[in-house]
Number of protein chains: 2
Amino acid sequence: MTLNFITGNPGKLREAKSILGDVENIDLDLPEIQELDPQKVITEKLKEATKNHEGEFFIEDTSIYLQGLNGFPGPLIKWLLQSLGTEGIANLIKKYDNHKATAKTVIGYSNGKDIHFFVGEINGTIVQPRGDNDFGWDPIFQPEGYDKTFAEMSTEEKNAISHRKKAMIKFKEFLDQHQ
Amino acid sequence: MTLNFITGNPGKLREAKSILGDVENIDLDLPEIQELDPQKVITEKLKEATKNHEGEFFIEDTSIYLQGLNGFPGPLIKWLLQSLGTEGIANLIKKYDNHKATAKTVIGYSNGKDIHFFVGEINGTIVQPRGDNDFGWDPIFQPEGYDKTFAEMSTEEKNAISHRKKAMIKFKEFLDQHQ
């Protein structure tokens, strides 16, 4: 059965193919529900996808948890970023004592019957924007133990340690065991 | 044709009946999509409702725009409130120079063919929580020209000036002209 990655992002598709091998792409415009729990966001999307399509699907959702804000915004990061920009978020967090953050990728996989989740996380600190990569919040996230932000790293450097990569590898291990 | 208010909130239903007269209640659990534009959130809900039900429907969405945060969080206020509480939001806004906020209710009405929107707004200031009413962000919103927060006002006082009441009255004027 074909394994379909539901994404509109060519970079994520490339990464998934490099780890998982044979992956097809399907770009469905699925509504994202308002939730702080990424598993709920993903579950609704997978239900919607399996209504109209047959096969195996996976989807990923990346969220960020700011300790100063008690974990807000989680999966709602894209809206905070749209309102404040990377610099606005960095300035906001600077006003708090705790600058720590966790980036998390959740992959949800549906074989048409069950849904399985695979989680990858990385801890870091929110800093003033550095690096000219303008991929989301990469310029303000500095992983623990590194002196570069994600935006200052090469794609290879970032992918070697990233939350998304960790989730992908767990997903691959699951697939290897079940195929 | 029956006019159905989609809500699970008895207080809002009572207020709607007192202004609009003959209103039926239908409590559908419709997904809220992630959007900063309340009209998009409402449109998706009304589409979902009219898929499975016949008749006239309306729904309301209340959002809050914090000037210090460039208008964030809008309709996402419930999640910011869930993470930080009223005191956490007040403390966050205190860190900025601009404490102004606008509360907005959008009512979306579908007659089965078209969707019409009615907007009510009120400006105010975010203050430390006052008043023992624990309805959402009422304890931290002090309307312009008043020295009480919404939570310190009686229901009558609040309803006389509120964003929701203003939207309801515009909606009533529209219905009166079209029936």
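Q: Which elements of chain A each supply at least two residues of the lining of the second largest pocket?

A: First, a word on what you're looking at: this is a predicted model, where local features need pLDDT of at least 70, side-chain atom pairs count only at pLDDT 80 or more, and totals for chains, interfaces and linings take in all residues. Residue numbers start from 1 along each chain as its sequence is written, chain letters start from A and ligand numbers from 1 in the order of writing, and side-chain values rest on heavy atoms, without hydrogens and water. A pocket is an open set of points on a 1 Å grid over the protein atoms alone, where a 1.4 Å probe fits and protein lies on both sides within 12 Å along at least five of seven lines; lining residues have an atom within 4 Å of a point. Helices (H or I, at least four residues) and strands (E, at least two) are DSSP runs, numbered from the N terminus. Here, α1 (10–20), α4 (155–161) and α5 of chain A each give at least two lining residues, and α1(A) has the largest share, with six.

Q: How many residues line the second largest pocket, and which lie nearest its centre?

A: The lining has 19 residues, and A:Gly11, A:Thr155, A:Lys158, A:Asn159 and A:Arg164 lie nearest the centre. The space inside is about 400 Å³, a volume being what probe spheres fill when set on grid points joined across faces, edges and corners.

Q: How many nonpolar, polar and charged residues are in that lining?

A: Sort them like this: Ala, Val, Leu, Ile, Met, Phe, Trp, Tyr, Cys and Pro are nonpolar, Asp, Glu, Lys and Arg are charged, and the others, Gly among them, are polar. That gives four nonpolar, eight polar and seven charged residues.

Q: What about chain B: which residue does B:Arg164 form a salt bridge with?

A: B:Arg164 pairs with B:Glu60, with the closest N and O atoms 3.1 Å apart. Helix α5 (residues 163–178) holds B:Arg164 and strand β3 holds B:Glu60, so the pair ties together parts 104 residues apart in sequence.

Q: Is B:Arg164 buried or exposed?

A: Check the relative accessible area: buried is under 20%, exposed is over 50%, and partly exposed is in between (1.4 Å probe, protein chains only). B:Arg164 is buried because its value is 7%, and B:Glu60 is buried too, at 11%. Compare another salt bridge, B:Glu157 with B:Lys148 at 2.9 Å: B:Glu157 is partly exposed at 35%, and B:Lys148 is partly exposed at 29%.

Q: Which residues is A:Met168 in contact with, leaving aside neighbours within four places in sequence?

A: Contact means heavy atoms within 4.5 Å. A:Met168 is in contact with A:Phe5, A:Ala16, A:Ile19, A:Leu20, A:Phe58 and A:Ile107. This methionine is found in helix α5 of chain A, and A:Met168 counts as buried because its relative accessible area is 0%.

Q: Where is A:Asn70, and what is its phi?

A: Most residues other than glycine have a negative phi, and most peptide bonds are trans. A:Asn70 has a positive phi of about 55 degrees although it is not a glycine. Look in the loop between β3 and β4 of chain A to find A:Asn70, which is exposed at 56%. As for peptide bonds, the one from A:Phe72 to A:Pro73 is cis, with omega near 5 degrees. A:Pro73 lies in strand β4 (residues 73–74) of chain A.

Note on methods:
A salt bridge is a side-chain nitrogen of Lys or Arg within 4 Å of a carboxyl oxygen of Asp or Glu.
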